Structures are given as structure tokens and as C-alpha cells.
Amino acid sequence: MENKPIARKLRLLSQLMELHVVNPFKIKSIANAAFNVDKLPYPVASKPFEELEKISGIGKSVAAKIIELVQTGTMVEMEELLAATPGGVVEMMAIKGIGAKKVATIWHEMGIETVGELFYACNENRLIEAKGFGLKTQDDIRKAIEFKMASSGKFLYAQVEPEADRLMDKLKGIFTNALIDFAGEYRRLCEIVNELIVIVGSRDQDIASQSILHSDLLNNLSVKEHRITGETDNGLKVVINVVEKRFFFRTLFIQTGNDEHVKAVLGRGGDDADQPENEELIYQKAGLEFIRPELREGTTFIERAAKKQLPRLISFNDLKGTLHNHSTWSDGINTVEEMAVYCRDELKLEYLGMCDHSKSAFYAKGLSIERVLQQQEEIDHLNKKLDGFHIFKGIESDILNDGSLDYPDEILKKFDFVVASVHTNLKMSEEKATERLIKAIENPYTTILGHPTGRLLLSRNGYTFDYKKVIDACAANNVVIEINANPLRLDLDWRWHQYALEKGVWLSINPDAHRNEGFLDMHYGVIVARKGGLYKERCLNALSLQEITQVFKTQKK
Ligand SMILES: [Zn+2]
Ligand SMILES: [Zn+2]
């Protein structure tokens, strides 16, 4: 064994010790030994114990470790510490810019155990206030994780959108007369995008392809039969298909819907439109109402398009208020008043629902009963002051392991509405998780089921439970299901929106804002809600102030 791998393992041991907050002198002696072993001009593996312990900066106990390492390839102490560390925490130590000490704080004090949760915490500004951290560290960590996520080739819709806008502007600058549009996952408003597809319809394919190739649109450009591929600066794969103008809409249609959808439409006679002048014609020939790109997944909406019964999809302007938001009372950045004024003046909304964290969420400064009462006093005061705007008193109550909520009934009944969410213990059997959620849904004080799976897209799988049973329970108990609009969550998944709507369940597009800009995430919530086929008549926060006041009042009876 050479010195380098020995030094590396000693260093790992010292980092693990730091992570588990072992005696600092011991940590220092191992770290020093790692440094010294690395610098020695001869292989330590060839030395007997008696010589090793005499080398400066090694000593008796480290010498024994080196012997163990050389003989067995590992160290019992290191293996034990590794076994006691969650995989996600080990993964965090590989992120540039955070040492073991910071990872220890993240793990022990913030309760974060995966890279995905850490990314989410950065986006919620939760790292700024922790000891030894600051805005810069948080930014560095966020960037390092984004870089790591990009290497998977998958991107969140919200990461693609600004790149797509920039690219479209540039393309329109190059081609003033061409037909240009996006296709594929991005045009279908998918929550994850693997490649950004662009269709360019031009009179001369050769000239068009050459102009793209000689532009600075993308990095690593290459071309094959008028199909140009390249990458944006952040590593997103882009495919530009250059076609003759007369085939533009047909190509756009074929490359937008998923295979099942495209086949089904063409099979119904859509194929007869050989050189259609727009996409509507293709649907017309197939005897269908025009199906918007976001609904072109499978055949779900085809039957309804045949009966001319497609939903009128919800839009941002339909939203009249915002529920589920966090202020400085728990882990938010803005005060209740700042948030209310922003919603009223900037977003022209009629109401704001405050849902700070409940008392079990210690990592997020959850509210004790006393603080709940103080906050409610503040809200009463603000409601008198704010003209033509209302703040609802809510709470994001943790769903405890057994499915009960975080406060006694006499406190729960003081809220206008309650969002019940799971934040801890995401690893449960499907059966137990389902029971836990159903018990929370059956609680008469639960108004909304918050981010049902707790997933963090591209980084943490959600809680697994029986969707049908949980949605059926919401229907039976008049509980609304949240579409959490944070671009990392988008949870309830759009694939379940139709089932929920069919069962009579209402949905609510909630930003889960932790600062004023967070309200803008409702844009992404609307996008997935449209993809799920939601219309304003079944969206809780599309109700006017007067209507929703009535709904909350009725529920409390
Ligand atoms: Zn939450
Ligand atoms: Zn929340």
C-alpha cells in the first residue's frame, strides 16, 4: 500500500470523527497524521510498528491504525462510524465548499440528511442563520449542488425556463421570417426536462442550419441531417430541428405530444393533414377539440376532446389569494405585514393565508402555543389596519408519527384553516404511511393536506403511500389537497390531479413562500395544475375573499 491511499483513509476517518463530534484532540491527531503520511518520502507500509510510532506526527495510536489498515485494508473505527452515518450525509461531504464540521451542523442541528434536503434548505434560506454559515456559504453550496444535479442531464422546469427564453430571443434575432417554437417535454410543461427541443421552419433548410452552426447560440454544436444539437452554459442539452416551412406544424405536433398521444391522434385521421397550416387542423381532422400541449400525455384527454369537453385550464390571473406561507414567526424571511402588503400591492391578491411551522418543527422555529396566540393577535391588529385585504390565521401543522396533529383541539380550533403536512419520518411502510395520512385527513380541523409526498424533485423520493386511498379519504372528509408550487416539489403530482377531481376533491395552488419572491412560485404551481387539467372552479385559492371566508366558516362548524 502506498502512502496516498493510507493518508486518504486517515483523512476520511478524521472527517467522520468530526461529523460524529468525537474528542477534538483525537480528531486533530488523526488529521495531522494524514497530512504527515502524505509527505513522507518512503512508504510507511514497509515499516514495523516500533519505527512507525517514532515518526514525528504519528505516535502510538495512529501507528496501530496504519498497521491495521495495511493488514486488513480498512479500520474498524472508520467502518463503525461509516455505518452510523446516513448515506446522504456521507454524500454531502463530497460537495465542494463544505467540510465535515459544517456537514455536522447541517445534520445534527438542522436535521438534514440528504443532498436534496440541503438544496431545499438553501432555497429556503435556512442556512444563513446557522452557526458558521452565511449568505456566501449558502450560495456556494447551492451552486455546487446545482452543478452536481446538472451532471445527471436532468433539469427542473424552473431551471430550463430562463434558458429557453434566452434561446428563443436569440433565434428570433437570427431568423426574422422563420416559424420557431419549442416542442417536447418543455412545451408539454413537464416538471423535469431532459432536452430542450426547438423546431425551426425555414424556406431553406441548408442556409438555416448553417446560420445556427455559425452562431454562438450554444456550446458544442454539431449537426446531422438538419438536426442540430448543442448545450447551454449550464449543461442543458438542446436539439434544434430545422424543417421546410410547409412541414413545420406537422413536425411541431409530432415532436410535442408523447408517443401514445401522437399515435392516437394520427390514428383518428389526424394524419390526413399532410401540410397543415396550424396544429388545430390536425385535431380537427381527427374529430377532436384542440388539445393544448400540456395535456398531450397519453390518451386521458382525447376522449374528452372528442366530446368537446376539455377543461378550461386555470391561469395565474384566476388566483385570488395565497394559502400556506411562512413569515419571520417561523423560518421565513419577511414579516407577516411585509408579505400581506406585497400580496395586496404587487400581486393584486385579496387574501393571504399564514401557515408558519408548528411546534414539533424545531429546526424551523415552529410555534409554541404561546407564540401561536401572539401571532394571532398580530394578525388581528394587521387586519384592522389593512384596507381591502385579509390575512387568514393558519398553521402548517406537523403530522406526527401516529397521524395526530401537533396541537390540542382547543388550539386547533383557533385557526381559520389548517394545513397538515408530513415533515419527518418519511421512511415508513406504505401501509403505515397511508394510515398516518388518513388519520390526519380524518381530523376535523384539517383543511388542506400539504405537499402529500414530501418529494424533492431530482433529489429525494417522496413518501410512498396508497394514492387512491388517501385521495378517497380527502373526498370523504372534505379535505383539499395542496399542489405545492415550489419548483422542487410540485406535489401533488399532476398525474393524480384527474383522479382527485373525479372524486370531487378540491386542489389548492400553494407557494409555501418563505419570503416575498416565493409567492411567484405560484407560476410553477399553475403550470403543473394546467398539466393535471385543473380548472378554476375547483381550485380553493381561486375563490374570492368572500367565498373562501364562507368555506372556512362552514368547515369550522
Ligand atoms: Zn412543509
Ligand atoms: Zn410550509
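Trainee: Which class does the site of the zinc ion (ligand 2) fall into?

Mentor: The angles among its four donor atoms run from 82 to 172 degrees. Four donors count as tetrahedral if all angles lie between 85 and 135 degrees; four count as square planar and six as octahedral if opposite donors are over 155 degrees apart and all others between 65 and 115; anything else is irregular. The site of the zinc ion (ligand 2) is irregular.

Trainee: What kind of model is this?

Mentor: Residues are numbered from 1 along each chain as its sequence is written, chains are lettered from A and ligands numbered from 1 in the order in which they are written, and side-chain values use heavy atoms, leaving out hydrogens and water. Local features need pLDDT of at least 70, side-chain atom pairs count only at pLDDT 80 or more, and totals for chains, interfaces and linings use all residues, since this is a predicted model.

Trainee: Which residue coordinates both zinc ions?

Mentor: Donors are N, O and S atoms within 2.8 Å of the metal (3.2 Å for Na, K and Ca); water is not among the atoms, so sites may look incomplete. The zinc ion (ligand 2) is coordinated by His 324 (NE2), His 326 (NE2), Glu 396 (OE) and Asp 512 (OD), at 2.1 to 2.3 Å. The protein donors of the zinc ion (ligand 1) are Glu 396 (OE), His 423 (NE2) and His 451 (NE2), lying 2.1 Å from it. The two ions are 3.3 Å apart, and both are coordinated by Glu 396.

Trainee: How many residues apart in sequence are the parts that His 423 and His 451 tie together?

Mentor: The donors of the zinc ion (ligand 1) have the spacing E-x26-H-x27-H along the chain. His 423 is in the loop between β11 (417–421) and α20 (430–442), and His 451 is in the loop between β12 (448–449) and α21 (467–477), so the parts they tie together are apart by 28 residues.

Trainee: Is His 451 buried or exposed?

Mentor: Buried means under 20% relative accessible area, exposed over 50%, partly exposed in between (1.4 Å probe, protein chains only). His 423, at 18%, counts as buried. With a relative accessible area of 2%, His 451 is buried.

Trainee: How are α8 and α9 oriented to each other?

Mentor: Helices (H or I, at least four residues) and strands (E, at least two) are DSSP runs, numbered from the N terminus. Axes are lines fitted to C-alpha atoms, for helices over the stretch in contact, and angles run from 0 to 180 degrees between N-to-C directions. Helix α8 (residues 115–123) packs on helix α9 (residues 135–150) at about 135 degrees, with axes 10 Å apart. Angles under 35 degrees count as roughly parallel, over 145 as roughly antiparallel, 65 to 115 as roughly perpendicular and the rest as oblique, so α8 and α9 are oblique.

Trainee: In which crossing does α2 pass α4?

Mentor: Helix α2 (residues 24–39) and helix α4 (residues 59–72) pack at about 60 degrees, with their axes 10 Å apart. A crossing is left-handed if the near helix is turned anticlockwise from the far one by less than a right angle, and right-handed if clockwise. For α2 and α4 the crossing is right-handed.

Trainee: What share of the residues of the protein counts as buried?

Mentor: The protein has 24 helices and 14 strands. Among its 557 residues, the share that counts as buried is 54%.
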